[in-house]
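Visitor: Hi! Could you walk me through the packing in this one?
Guide: Happy to. Let's bring it up.

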Amino acid sequence: MKRITLGLLILFFVFACLNEASAWFGFKPKDKKDAAPAVSQPASQQASPAAKPAAQAEKAKQEAEKLKLDAEKAKRALIEKRRREINNNEWAIDLFKLSGKGKKEAETIIFKDNQVLVGNFSKRGFAATNYSLSIQGDGTLVWETMQSSEKSGIAFWRGELSSDMQSMRGVLSFQINDKTREEYSFVSTEKKAIVVKAE
């Protein structure tokens, strides 16, 4: 019995001193204190793996919105540039009835003071009006306006200028009264600048 007790004490002593003995012989067990210090990461990198795709998607969305806004801004700037280019210009056009009946009619479209005036229509009481501008994908510039006259009705004009601003074509819908409407197409035959007198 004494031998068993003595043996157990020796084993206990050996296990208790194991850490100190291993250190004496150059063996040092790894311990939490000896582990490499954790490098702190920015909060953006500490996010869970599931959050990373969501953050990337949000960033891509913001970049796409910025590109869209930049494109719209550039488009508006181009429209204003084109507006200045067509201002103070006069276009001779030929009008053709879509019905095919009747002869072509000569007409003049004048862009001045950021408004549009149609020569012979102005004699019928159609005053100069503002017009809208838009640009199509191929660079075609589209202008539209509605003119009205108490005596003569309502005229809806839509013109398309080529990307080089040298030719124009379009349509006219002329509502004379509740029962009569005439539809026309037109093409330009000449373009010339209006000389603006200095004040």
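Predicted model: local features only at pLDDT ≥ 70, side-chain atom pairs only at ≥ 80, totals over all residues.

Visitor: Where is Phe-156 found?

Guide: Phe-156 sits in strand 6, residues 153-161.

Visitor: And is Phe-156 buried or partly exposed?

Guide: Phe-156 is partly exposed, as its relative accessible area is 37%.

Visitor: Now the inside. Which residues in the largest nonpolar core touch the most other members?

Guide: That core has 25 residues, and the ones touching the most other members are Ile-109, Phe-111, Phe-121, Trp-143 and Trp-157.

Visitor: What is Ile-109 in contact with, leaving aside neighbours within four places in sequence?

Guide: The contacts of Ile-109 include Trp-91, Ile-93, Val-116, Leu-117, Val-118, Trp-143, Trp-157, Met-168 and Phe-186. Asn-89 and Glu-90 are also among them.

Visitor: Switching to rings: how many aromatic pairs are there?

Guide: The count comes to seven. One of them joins Phe-111 and Tyr-131, edge-to-face, at 5.3 Å centre to centre with 80° between the planes.

Visitor: Which parts does that pair tie together?

Guide: Phe-111 lies in strand 2 (residues 105-112), while Tyr-131 is in the loop between helix 4 (119-123) and strand 4 (132-135), so the pair links parts 20 residues apart in sequence.

Visitor: Are those two buried or exposed?

Guide: Phe-111 counts as buried because its relative accessibility is 0%. Tyr-131, at 6%, counts as buried too.

Visitor: Which residues form an aromatic cluster?

Guide: Phe-121, Phe-126, Trp-157, Phe-174 and Phe-186 form one.

Terms used:
Residues numbered from 1 in each chain as written. Heavy atoms only, no water. Core = buried A, V, L, I, M, F, W, Y, C linked by side-chain atoms within 4.5 Å. Buried < 20%, exposed > 50% of the residue type's maximum accessible area, 1.4 Å probe, protein only. Contact = heavy atoms within 4.5 Å. Helix = DSSP H or I, 4+ residues; strand = E, 2+ residues; numbered from the N terminus. Phe/Tyr/Trp six-rings, centres within 6.5 Å; stacked < 30°, edge-to-face > 60°.
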